[in-house]
Amino acid sequence: MTWGPLLRLKEALGPEAELVIVGGAVRDELLGRTHADWDLATRLLPRTVMDRARAAGLKVIPTGIQHGTVTVLLEDRPVEVTTFRSEGDYLDGRRPISVSLGVDLAVDLSRRDFTINAMALPVGGGDLVDPFGGRVDLAAQTIRAVGDPLQRFAEDGLRPLRACRFAAQLGFDVEPATLAAIPLRLEVARKVAVERVFTELDKLLRGKEPQRGLALLAESGLMDLWLPELRPMIGCGQNRHHRHDVWVHTLEVIREVPAESSLRWAALLHDAGKPGTRTTGPDEVVHFYGHEPRSLELADGLLERLKASHVLRKDVAALIRHHGTHPTGAWSDAACRRFLGRLAEDSLPLDRWAAFRLADQRGKGLDLGNRLDEHQGLMSRLAALAEAAPPLAVRDLALDGSALMRLAGRDGGPWLGALQRQLLEAVIEDPGLNTVEAIAELARKLMAAD
Ligand code: ATP
Ligand code: MG
């Protein structure tokens, strides 16, 4: 969205509104970074904002009147307009006991978490309002708490995690005093609602430097509050197939996969089962027998605890479950189709599986030699086989269950599932067999043999 519609709102609210852009939008504008939403702030009380915006023909939704927030639709995009506010004491480490509306802009900015998030830009022109040196910190790529970090992190235990999240998203450092305050406020951070934690961790992982955010979580102790399963991965040595320990490999894979939620969470957790399954053979060779099911179990337990969505849990599980499959040029077409069938059963698209596998290979830190060509070749072959839309599941058979029951003159029962599996096996070997006539003939033969 451009500034145009914001000017219209400014006109509607009048000059005493002191309408400004605040928070992340100012930061991202100054960085030349795209941002999804514009957060606006005003001196006017929410009722006045509603009345004046409506009088000017704008659509308004009273989203959070008691906190001072109304949502105005500008060119069909929702924009939050919040009255300048100050916050009362924080007693539970999560939220203030009261908020007061109608204070000065400087007071509003002082309650914000970091200097780079505590600037305001007047709508329609005017100087940047920057009482805490946010612009200098932006230029120095620094995340610094507004005021005393120990106090700010005692008020709201989410802020330390947000510091790590912004470091990952922006590629910034956390200023030393701000970072040093985190370990001293872990007990406050522990009380934060897990849904808020998940949202921040998810943004951290999707950031441009997730490894930076994760290193900060490890260093500050936040990792042990919410992701204790990760700690044993740090320094867990591997074998000749890897240059890195399990943790460094994990960070590399996260960096290599596209910045998308399930890929990043799967990368984070795909080898979480390794430390617990590590053994050293008599020949001093390190093994991780059974690490894949263990990784799956740890990953799903962790995501369930963080109240991640079922869709995410399912997608992550599918990526982890299939990450250890390494098709080779020696596979038959039927073996490839069987594998495509397993991916389809888990609703895992081939290209996502391939992106993950490639990242896992690259993350080993070894010279891949001609492995990349091999990967490309295999992918083209798998894609071509998938393109032909071969039957991969029982539901793809040319005769369905009721047709097979009519053919057999029998009611359903365990025999039916067994027959369908045999038929499927046959059409995976030879997809040309998947016609009504051929399946009927084969089904008769198989039943006669029984
Ligand atoms: P993005 O929306 O890109 O994730 P953002 O900076 O807009 O980043 P929001 O969570 O949308 O982050 O918050 C908007 C603004 O509200 C922040 O820029 C900051 O000024 C303030 N803010 C948000 N959460 C807190 C908090 N826990 N403590 C203090 N200020 C906060
Ligand atoms: Mg925002």
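This briefing walks through the pockets of the structure above and the ligand that goes with it. Keep in mind that the model is predicted. Ligand 1 takes up the space of the largest pocket, and the shell of residues around ligand 1 includes ten charged ones. A second largest pocket, with a volume of about 670 Å³, is described at the end.

**Who surrounds ligand 1**

- Look around ligand 1 and you will find 14 residues, of which R27, D156, R159, R165 and K203 are the closest.
- Sorted by class, the residues of this shell are one nonpolar, three polar and ten charged.
- Which element gives the most to the shell around ligand 1? That is α7, with four residues.

- The side chain of R165 has an N or O atom 2.8 Å from an oxygen atom of ligand 1.
- For K203, an N or O atom of the side chain is 2.9 Å from an oxygen atom of ligand 1.
- Two elements, α2 (24-31) and α7 (159-170), are the ones that give two or more residues to the shell around ligand 1.

**The largest pocket**

- How much space lies in the largest pocket? The value is about 1,500 Å³.
- This pocket is lined by 45 residues, and those closest to its centre are D39, R85, R111, R112 and R162.
- With five residues, α7 gives the most to the lining of the largest pocket.
- The lining of the largest pocket divides into eleven nonpolar, 13 polar and 21 charged residues.

**The second largest pocket**

- The volume of the second largest pocket is about 670 Å³.
- Its lining has 33 residues, with H241, H242, H326, Q361 and K364 the closest to the centre of the pocket.
- The elements that give two or more residues to this lining are β12 (286-287), α16 (291-305), α19 (350-362) and α20 (371-387).
- By class, the lining of the second largest pocket holds nine nonpolar, 14 polar and ten charged residues.

Methods: Residues numbered from 1 in each chain as written. Chains lettered and ligands numbered in written order. Predicted model: local features only at pLDDT ≥ 70, side-chain atom pairs only at ≥ 80, totals over all residues. Heavy atoms only, no water. Near = heavy atom within 4 Å. Polar contact = N/O pair within 3.5 Å; in protein donor to acceptor, adjacent residues only side chain to side chain. 1 Å grid on protein atoms, 1.4 Å probe; cavity = no way out; pocket = protein on both sides within 12 Å on 5 of 7 lines; lining within 4 Å. Sits in = over half its atoms within 2 Å of the grid points. Nonpolar A, V, L, I, M, F, W, Y, C, P; charged D, E, K, R; others polar. Points joined across faces, edges and corners; volume = space filled by probe spheres on them.
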